[in-house]
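Here's a quick briefing on a protein chain with one ligand.

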Amino acid sequence: MDFGCDSSRIFRFFLLLIFFPIICQPQIPAEQDGFWFGKRQGPEESIHVEAFFDPVCPDSRDSWPDLKKVVQYYGSRVTLVVHTFPLPYHDNSFASSRALHIVNKLNATATYNLLEAFFDHQERFYGASTFNMSRASVVDDIVMFVTDELGASFLSAIKSGFTDSKTDHATRVAFKYGCLRGVYGTPFFFINGFPVPDAGSPLNYKKWREIIDPLVTN
Ligand SMILES: *[C@@H]1O[C@H](CO)[C@@H](O)[C@H](O)[C@H]1NC(C)=O
Ligand SMILES: *[C@@H]1O[C@H](CO)[C@@H](O)[C@H](O)[C@H]1NC(C)=O
């Protein structure tokens, strides 16, 4: 038996060790990811909330009304950014997340309307409801859905958004950003960069107030 040292294999191993982190380092995007709710930046002392949502996730849907209410309650004292985080076990999650990135480029103020529309009608895009549909017809269906939300004049722009590699890239960047932050489910929240305890289950209005009130008064 030959237990001799295979120097070329070891060399390749070390080469991998040296270059692996470089290869895996995602390219730094030119823009920050996320959809700002209202004003882009609040006062310096404002509390910053980040929410990672999957547009076809029922728990994301259920958490949104109370989060929206709490952010509106605090006004300029709280800022909110939503990031898309398409979960692999939701079949149409990436395409519906991409729709949000497409719309954000076409009319940024309509992004949250579309997010709410997805939340209101997400059953239509669940894996089970689209099980017999081709990918192309699901995308067509999403295009029609988004067009209903934005207006008929946007049809061709929305359609071509789905073949534009930039919107694909933006949706990937959002996902990678979530991975870098340690997001592993949705909804997932951060306050001032720190993960909110109890993430993964819907936080109600009362709970949000309990968490944010002491931060605001300090
Ligand atoms: C953009 O979206 C907002 C909110 O839905 C709407 O009020 C506005 O008219 C839209 N702008 C255009 C150019 O369609
Ligand atoms: C998909 O198609 C098969 C065969 O036509 C049918 O038996 C099944 O019920 C369909 N499933 C759904 C979710 O529509």
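Arg181 lies over the face of Phe190, 4.1 Å from the ring centre; a charge counts as sitting over a ring if NZ of Lys or CZ of Arg is within 6 Å of the ring centre and within 35 degrees of the ring normal. Lys69 does likewise with Tyr205, at 4.5 Å from the ring centre. This is a predicted model, so local features need pLDDT of at least 70 and side-chain atom pairs pLDDT 80 or more, while totals for chains, interfaces and linings use all residues. Residues are numbered from 1 along each chain as its sequence is written, chains are lettered from A and ligands numbered from 1 in the order written, and side-chain values use heavy atoms, with hydrogens and water left out.

**Aromatic pairs**
- The whole structure has 17 aromatic pairs, meaning Phe, Tyr or Trp rings (for Trp, the six-membered one) with centres within 6.5 Å; planes under 30 degrees apart are stacked, over 60 edge-to-face and the rest tilted.
- Tyr73 and Tyr74 make an edge-to-face pair, because their ring centres are 4.9 Å apart and their planes sit at 75°.
- Tyr73 is partly exposed at 41% relative accessible area, whereas Tyr74 is buried at 3% (buried is under 20%, exposed over 50%, partly exposed in between, with a 1.4 Å probe and protein chains only).
- Phe125 and Phe145 are edge-to-face too, with centres 5.2 Å apart and planes at 80°.
- Phe125 is in the loop between helix H4 (111–120) and helix H5 (135–150), and Phe145 is in helix H5, so the pair ties together parts 20 residues apart in sequence.
- Both Phe125 and Phe145 are buried.
- One aromatic cluster takes in Phe37, Phe53, Trp64, Tyr112, Phe119, Phe189 and Trp208.

**Ligand 1**
- Its shell is Asn107, Thr109, Ala110, Asn113 and Phe154, each with a heavy atom within 4 Å of the ligand.
- The protein covers 38% of the 360 Å² of accessible area that ligand 1 has on its own (Shrake-Rupley, 1.4 Å probe; for residues, only the protein chains shown count as cover).
- An oxygen of ligand 1 lies 2.3 Å from a side-chain N or O atom of Asn107.
- For the side chain of Asn113, an N or O atom is 2.8 Å from a ligand 1 oxygen.

**Overall fold**
- The protein chain has eight helices and five strands (DSSP runs, H or I of at least four residues and E of at least two, numbered from the N terminus).
- Of the 218 residues in the protein chain, 39% are buried.

Key: Polar contact = N/O pair within 3.5 Å; in protein donor to acceptor, adjacent residues only side chain to side chain.
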